[in-house]
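The sequence and structure come first.

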Amino acid sequence: MEEAPPPKRQKDGEELAGDSPGMQFQVRKAVAGAAAAAFDLEMPSTSSVNDLMEALATRESCAVQLITVVSRGKPLKDASAKLATLADAAGGKVPVVYIVRKPAGPAGDSTGASTSSTAASTTSTDTDKAPSAASAPAAAPGRRIILMLRHGQCCHEGERDELKELTMHGHKQAEDTACFISKLFAAGKLPMKRALLHSTSRRARETAAKLPIHIQELEVWNADLLRETDPTEKPFRAEEVFNRLLAAPEAGDSDVLIIVAHNNIILYMLMRAAGVPIERAAQAWQLFHLRHASITRIDVFSTGDRKVVSIGAAAQIADTAITWKNVTGADMSAWKGGGPERHKFGGRMLVLVRQAAGSMESVAGQIKSVTDHVKSLSGYMMSGKAAVACTSDAQGMASVIATKFKTVPQLLPDSIAEEPEAAFLQFFTVSDGSRDTVIIVAEDVPLLYMLLRSLGMSPEESKVARSLYSIGNASVTLVNIKNDGTTKVIGVGDSYYLPISDMPACS
């Protein structure tokens, strides 16, 4: 009797096809914006995207949740989709590129932090083996403050880059923001070590040019990598920018990086810093509407932690110059009376005001400043027809704001402070067809929860993600809900209308 041949040995990366015909993939791993050498991978045609991700995760020895796969420029978001849908008529190898994201543990995962602490304490008990290490003082945590500025308003929207010069108002916006940042440095509110990195696009160059005029000893760099891009089409480029610019600083180091760039890339870096996965971060432009020359601030710590402090803050710019849309064709504002081309947002504007805090004198000043600021918004951004609601602890501040709008505040139940879902469901709805405003004055916990819910997060996700945000006292967050139900976040944690003396000093 003839002896059966030995079973064929399975090669690394090769799947057992069974009865299913195999599909051939040409796979590359994205590394620092480039791609590693390609390798071939065979999968059964009945396999799903998740099966492919699991195979790659096994190869990388990582969790499958850290794998993002792109084929022909499109992220494969549906894990249950069959791989057979990727095959082309010619039956050739399917091109695939994948990213391995960094684990979230070092950036705020309490489990990872406690593990590190345990390891440190275990090592430090062995003082006989390393007495010098035990006695050496620990380095102070490092912090990098990243200020991301959207360029000023430009004209010739939709035309080639070199035509997109700043408008008259764009120059004013850039000037106001540069002056404000210089005052923060002068007042000791920012670390003195600083650098500027800007996109090479004309509108970004002209915006960035205002900064060295007002800020001395500013190291200036430029990068094509920061030019406007669509992260849905070029996710690896956007991810490379994020990994390079939002890397953790060294322990004991403290500095400021000012970035002048564009709406999409700023929002992508923002969302990734807030722990949002690549595929959702690439769609962030659909959820925000940043004003020109606004400031988005992210603090990055040597521990790997990140905190979102503000998004699209623009109160440092004169009301008469604030815009949020570029101009089609030439800038004709000087010929039209000098005012900016803008219209109030339609639908409902949610104004989320964090309660003031500090000494009695400081609180009184904060309340006056925020009240005047919110009232000024009704002149050009939102309806002056406003309702005011507040938690019990914020009732005094809400009463002052309500007086400006000739109304009285609605007192929310005490449970809202810890369980704000009911307030979200009540107020974050479309208006009755006309333009209106709802002002909610409360502590940061319920306000951040409602903000994150408006960004499409689940109640559970919102409770977890709010720890990644740190909005200041007496700050304002703006969320617009249009009559068709779509939501745009205009700004978060804007407190730049306050006296600089009331802003926290650099530590």
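K406 is exposed, at a relative accessible area of 81% (buried means under 20%, exposed over 50% and partly exposed in between, with a 1.4 Å probe and protein chains only). The model is predicted: local features need pLDDT of at least 70, side-chain atom pairs count only at pLDDT 80 or more, and totals for chains, interfaces and linings use all residues. Residues are numbered from 1 along each chain as its sequence is written, and side-chain values use heavy atoms, with hydrogens and water left out.

**Positive patch**
- K406 sits in the loop between α11 (395–404) and β15 (410–411); helices (H or I, at least four residues) and strands (E, at least two) are DSSP runs, numbered from the N terminus.
- Together with K344, K375 and R435, K406 makes up a patch of positive charge on the surface.
- Patch residues have over 30% relative accessible area and no salt bridge, with like charges joined within 9 Å and nonpolar side chains (Val, Leu, Ile, Met, Phe, Trp, Tyr) within 5 Å.

**Strand β7**
- Strand β7 (residues 143–150) is largely enclosed by the rest of the structure, because 8 of its 8 residues are buried.
- R143, I145, L147 and L149 point one way, while R144, I146, M148 and R150 point the other way.
- In a regular strand the side chains alternate between the two faces of the sheet.
- β7 runs parallel to strand β10 (residues 254–261), joined by 8 bridges, and M148 has I259 as its bridge partner there.
- With strand β11 (residues 295–301) the pairing is antiparallel, over 7 bridges, and L147 has R297 as its bridge partner.
- Two strands pair if DSSP finds at least two bridges between them.

**Salt bridges**
- The structure holds 23 salt bridges, each a side-chain nitrogen of Lys or Arg within 4 Å of a carboxyl oxygen of Asp or Glu.
- R143 and D299 form one with closest N and O atoms 3.4 Å apart.
- R143 is in β7 and D299 in β11, so this pair ties together parts 156 residues apart in sequence.
- E206 and R202 meet at 2.8 Å, N to O; both lie in helix α5 (residues 202–208), 4 residues apart, about one turn of the helix.
- E206 is buried at 18%, whereas R202 is partly exposed at 21%.

**Positive phi**
- Most residues other than glycine have a negative phi.
- S61 has a positive phi near 55 degrees and lies in the loop between α1 (49–60) and β4 (67–71).
- E217 also has a positive phi near 55 degrees, in the loop between α6 (211–214) and β9 (219–223).

Terms used
Accessible areas come from the Shrake-Rupley method with a 1.4 Å probe; for residues, only the protein chains shown count as cover. Lys and Arg count as positive and Asp and Glu as negative; His and the chain ends are not counted. The place of a charge is taken as NZ of Lys, CZ of Arg, CG of Asp or CD of Glu.
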